[in-house]
Amino acid sequence: MNRDEKDIELIEKYFEEGLSEPEAAAFDRRLQTDDEFRGLVRQEKYLVGAIRLQGLSDELDTLKRMEASLTDPHIKVSRAFDRRWYLLAAAVIALIVVARFALTPAVTLENLYQENFRPYPNVFEPTVRSTSRASERSRAFQDYEKGDYANAATRFQSLLKEENNDGMLLLLGNCNLLLDKSDAAIANFEQLGAQSPELAVQAKWFLSMAYLQKDDRTHALPLVEELAATDGSYAEKARAILKELAP
Amino acid sequence: MSQDDLIQSIRTQGEKALAAIYENYRNEFLSWIVREYKCSMDDSKDIYQLTILIFYDNIREGKLQHLVSSVKTYLFGIGKNIARERQRKEKRLVPIAKEKWLKEYLIDEPSDPLDEDLFSHAKIALEKLGQPCQRLVELFYYEKKSMTEISDALGYKNPDTAKNQKCKCMARLRKLFQEQTTNHSTQYDHEPR
């Protein structure tokens, strides 16, 4: 092994945090005194940095997709309002209320479902850069992301027979909702709620969506009430639904 | 679930547990950052996404193993630093440069500030590396997978084969990087700029 190869091996060990104390001390000394060695370390730092940036960027894309499916919280920012603005705002609100009662048709559960249901994003297995050997599993997630929910559902169903996976079960439920198979979706979300503490809130929300889709107020209402009483991500949407359902 | 259990579940379950954390603290975080730092909603979401990424990265890198405070306090602490950096460095009306921010997070040191050109060369070299090498080095350096896990994920005969492949891939990546810097006549003199 020549000097360069030895240095590369040492540098790899450094980036893997595998140097012993004496090795680390010797490494630091060389960094101070050996320009060529310092250059090699810097090169490795940028290469490892680029590799890690790739991973972080993929995860950032996943978070962006997830964010796109959530509603903005209502934030009260205190501002010194002129009294006239309050009066104007009150007049506008009064007009809106009158117009709403005069013009808006009665709210149906189906309407509430359509207004509130957004498919859960695939945050479980991003398909940004698939390898050439696409497995049945990655094809299922790809189908879901493409919006081919019928194929995605078939693939998720057969994969779930081999492996009980919370993420796949959540997305299968979403596929069933999108295919108007409310009963199948209800079974999926009930199972998910029973088996996954991490996705329990999501399970409850989508279960409520499935009951709204099925026009089943008796089962939908308690779920929406439970969600509305929390301060989680779905609470605001749940409170808005409750308001609509109020007699 | 205790704070340490939560960290353990993020380490083992990865993005699934992270998605749950993202949703759990999102509304409170966004409300706080909008009020406290007068950020727009879009900026606040960018800051929250960077916060979650850093939180996850610290767990994966082993920098965060035990929480002395709550997850919420930790997240708000990261968010506060990002919001302050943003106020210090960037124009308010321009969207947050998330990639630049991440590069600085990965590379920047007081004695060796980020060299954007060098980073671009490293990125291009990585693109040229192709599959399965790209995936292999990402599993190793980013996801911190063991050679056994990498061997299983990429279908190698055994962990030694995976280790051997990793060495070959990195050697090729270094060569591509050197070609890239030479082709672009960059004077890479091994000295911090």
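**Note on salt bridges and the A–B interface**

1. In this predicted model, K175(B) and E179(B) form a salt bridge, with the closest N and O atoms 3.6 Å apart. Both residues lie in helix α9 of chain B, 4 residues apart, which is about one turn of the helix. K175(B) is exposed, at a relative accessible area of 53%, whereas E179(B) is partly exposed, at 37%.

2. Over all chains, the search finds 30 salt bridges. One in chain A joins E23(A) to K13(A) at 3.1 Å, N to O. This pair links distant parts of the chain, with E23(A) in helix α2 and K13(A) in helix α1. E23(A) is partly exposed at 28% relative accessible area, and K13(A) is partly exposed at 33%.

3. K204(A) and E226(A) form another salt bridge, their closest N and O atoms being 2.6 Å apart. K204(A) belongs to helix α10 and E226(A) to helix α11, 22 residues apart.

4. The contact between the chains takes 62 residues from chain B and 53 residues from chain A. The buried area is about 5700 Å², and carbon and sulfur atoms give 58% of this area.

5. Across this interface there are 9 salt bridges. In one of the salt bridges, the side chains of E67(A) and K45(B) meet at 3.8 Å, N to O. A network of salt bridges links R52(A), E59(A), D57(B), R60(B), E61(B) and K144(B).

6. The interface also holds 14 residue pairs in polar contact. On the side of chain B that touches chain A, α2(B) gives the most, with 13 residues. The residues on that side divide into 31 nonpolar, 9 polar and 22 charged.

Key: Residues are numbered from 1 along each chain as its sequence is written. Chains are lettered from A and ligands numbered from 1 in the order in which they are written. This is a predicted model: local features need pLDDT of at least 70, side-chain atom pairs count only at pLDDT 80 or more; totals for chains, interfaces and linings use all residues. Side-chain values use heavy atoms; hydrogens and water are left out. Contact means heavy atoms within 4.5 Å. Buried area is the accessible area (1.4 Å probe) that two parts lose on being put together, summed over both. A salt bridge is a side-chain nitrogen of Lys or Arg within 4 Å of a carboxyl oxygen of Asp or Glu. A polar contact is a pair of N or O atoms within 3.5 Å; within protein, one must be able to donate a hydrogen and the other to accept it, and residues adjacent in sequence count only if both atoms are side-chain atoms. Helices (H or I, at least four residues) and strands (E, at least two) are DSSP runs, numbered from the N terminus. Ala, Val, Leu, Ile, Met, Phe, Trp, Tyr, Cys and Pro count as nonpolar, Asp, Glu, Lys and Arg as charged, and the others, Gly among them, as polar. Buried means under 20% relative accessible area, exposed over 50%, partly exposed in between (1.4 Å probe, protein chains only).
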